[in-house]
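Welcome! Please take a look at the structure below, and then let this short briefing walk you through a few of its features.

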Amino acid sequence: MFEKLFKLDEHGTSVKTEIIAGTTTFLTMAYIIFVNPQMLSAAGMDSGSVFVATCLAAALGCFIMGFYANYPVALAPGMGLNAFFSFVVVGHMGYSWQVALGAVFLSGICFTLLSLFKIREWIINSIPMPMRKGIAAGIGLFLALIALKNSGIVISNPPTLIALGDMHALPAILACLGFFLTIALAHYRVKGGVMVAILAITLIGFLAGDVEYNGLMSMPPSIAPTFLQMDIAGAFNVGMISVVFAFLFVDLFDTSGTLIAVADKGKLLDKDGNLPRLNRALLADSGASIAGSMLGTSTTTSYIESIAGVAEGGRTGLTAVTVGVLFLIALFFAPLAGMIPAYATTGALLYVAVLMIEGLKTINWDDITEAAPVVVVTLMMPLTFSIANGISLGFIAYAAIKVMSGKYKEVSASVWFLAVLFLGKMIFFPG
C-alpha cells in the first residue's frame, strides 16, 4: 500500500526511513502547538479551541501534501502571520478575530485561484528577489519585537517610543535563558531543540512557582468557539484589502521558497531545476489555509523545518503523513500546552527571527537602488507594527527609487501594479 501511494522504491527510501524523517520534522516544528494558541488568544480567541484548530489544520495540511502532492513537506499555522493576525489586524486595526479569519479564508481562495490559473509563476518571477528577502527579514524583526515585548524585555516609553524593561524580573531572565538555550541546542543540531528549550524554561518557571501544573494529558478541548466563526462578509471591507493581500503575498512567497529549498535539499527537482507537481503542492498549501480558517486559526503554510526530515532521508509524502499523525496525537496534550508561559516561547520566536533575517546576506549592498527599498520594507514592518504597511511602503519605495534613479526599465509590470495599488490605498484609504 505504501509503495503504491508514495512510490518509495522510486525515491530510494523505505517506510522506516520516512517515519523517522517525519518524527524528526515534527519535533523541530512542534513549538507551534504551544506558540500559536498564545498568539491568537491575544486576539480574544479561546486558546483551547485554537490549540485544537492548530493541530487539526496542521494534520490536514500534512495529509493533503503527503497523499496528493507526495512531498516530504509539513504544514502548520505560520509564524509571523499569526502575530500579524492578532497584534495588527485585531489589536491595532480594531477588526474582530472573526473578520480576520474571513481575510485568511479569502486569501486562501485567492491562492487557490492563482495556483489553478498558473498566475503564481508570473507574480513570483516578476517580483525582485531582494524584495522577497526584505519581506522575510521584516517579518523576522516583527516577530522579534513581539517576543521581546511579551517577555517584558522591551517596554513602551513615550519619550523614546520603546525602552529596556526590568531585566531583574523572572520573565525577562527566563526569556533570555530560553533564547541562549535554543541557540545552543540549534548549534549542536539537537533534534527538537526548540521544543526542548520551551519545555525546559516552563519547568524552571514551575520550580520557581510561576507556572501552575494542570496535568499533561486530557481529551481535546472543544473547537466550537472558533469552528466556522469566520466573518467573510466583514473581510470584504475596503480597509481589509491590504490585509488579505498581506496574508496572500507572504504565504505565496513563503510557500514557494520553502518548497524549492526542501526539494533542492532532497534532490527532488528535475533536470531543469523545476519542481514536479508544483501546482499540487501549492493547492495543498492553499487548501490547508482555507480549512484552517474554518477551524479557527491563522494562515497555514509549508514549514522550512521540513528540511530536518529530508536530511534524515525523507523523500516522499509518507514523511508529511507521519507529521500529520503526530499532530493528531498532540491533541491529547492540551493541558501541557496551556501551561506554557509567554516567556518560554520567546527563545523560539527569536530563533525563527534569526533564520528569517539571514536572507539579507544575499542582498547586493553595492547597488543602493536595490538595498534602499529592502531596508524600507525590513524596517517598516516592526516600526509600523504591520506586515501589510511594510510591504506597501517597500513596493512604493522600490518603484519610486528606480524611476528617480533612471532605472525604470528594471521595474516589472507586476511591481508597477502593486506600487500603484498600495499608493492608492494609502491616499484614499489610510490607516
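The second largest pocket holds about 410 Å³ of space. Keep in mind that this is a predicted model. The notes below start with that pocket, then turn to the nonpolar cores and the cysteines.

**The second largest pocket**
- Its lining is made up of 13 residues, and L145, L161, I162, P382 and F385 are the closest to the pocket's centre.
- Sorted by class, the lining counts 10 nonpolar residues, two polar ones and one charged one.

**The nonpolar cores**
- The largest nonpolar core has 105 residues, and the members that touch the most others are I33, F84, F85, F327, I391 and F395.
- Leaving out residues up to four places away in sequence, F327 touches F26, M29, I32, I33, C55, A58, A59, L75 and A76.

**The cysteines**
- How many disulfides does the model have? The count is zero.
- For C62, the nearest cysteine sulfur belongs to C55 and lies 11 Å away, while a disulfide calls for sulfur atoms within 2.5 Å, so C62 is in no disulfide.
- Is C62 buried or exposed? C62 counts as buried because its relative accessibility is 0%.

Technical notes
Residues numbered from 1 in each chain as written. Predicted model: local features only at pLDDT ≥ 70, side-chain atom pairs only at ≥ 80, totals over all residues. Heavy atoms only, no water. Core = buried A, V, L, I, M, F, W, Y, C linked by side-chain atoms within 4.5 Å. Buried < 20%, exposed > 50% of the residue type's maximum accessible area, 1.4 Å probe, protein only. Contact = heavy atoms within 4.5 Å. 1 Å grid on protein atoms, 1.4 Å probe; cavity = no way out; pocket = protein on both sides within 12 Å on 5 of 7 lines; lining within 4 Å. Points joined across faces, edges and corners; volume = space filled by probe spheres on them. Nonpolar A, V, L, I, M, F, W, Y, C, P; charged D, E, K, R; others polar.
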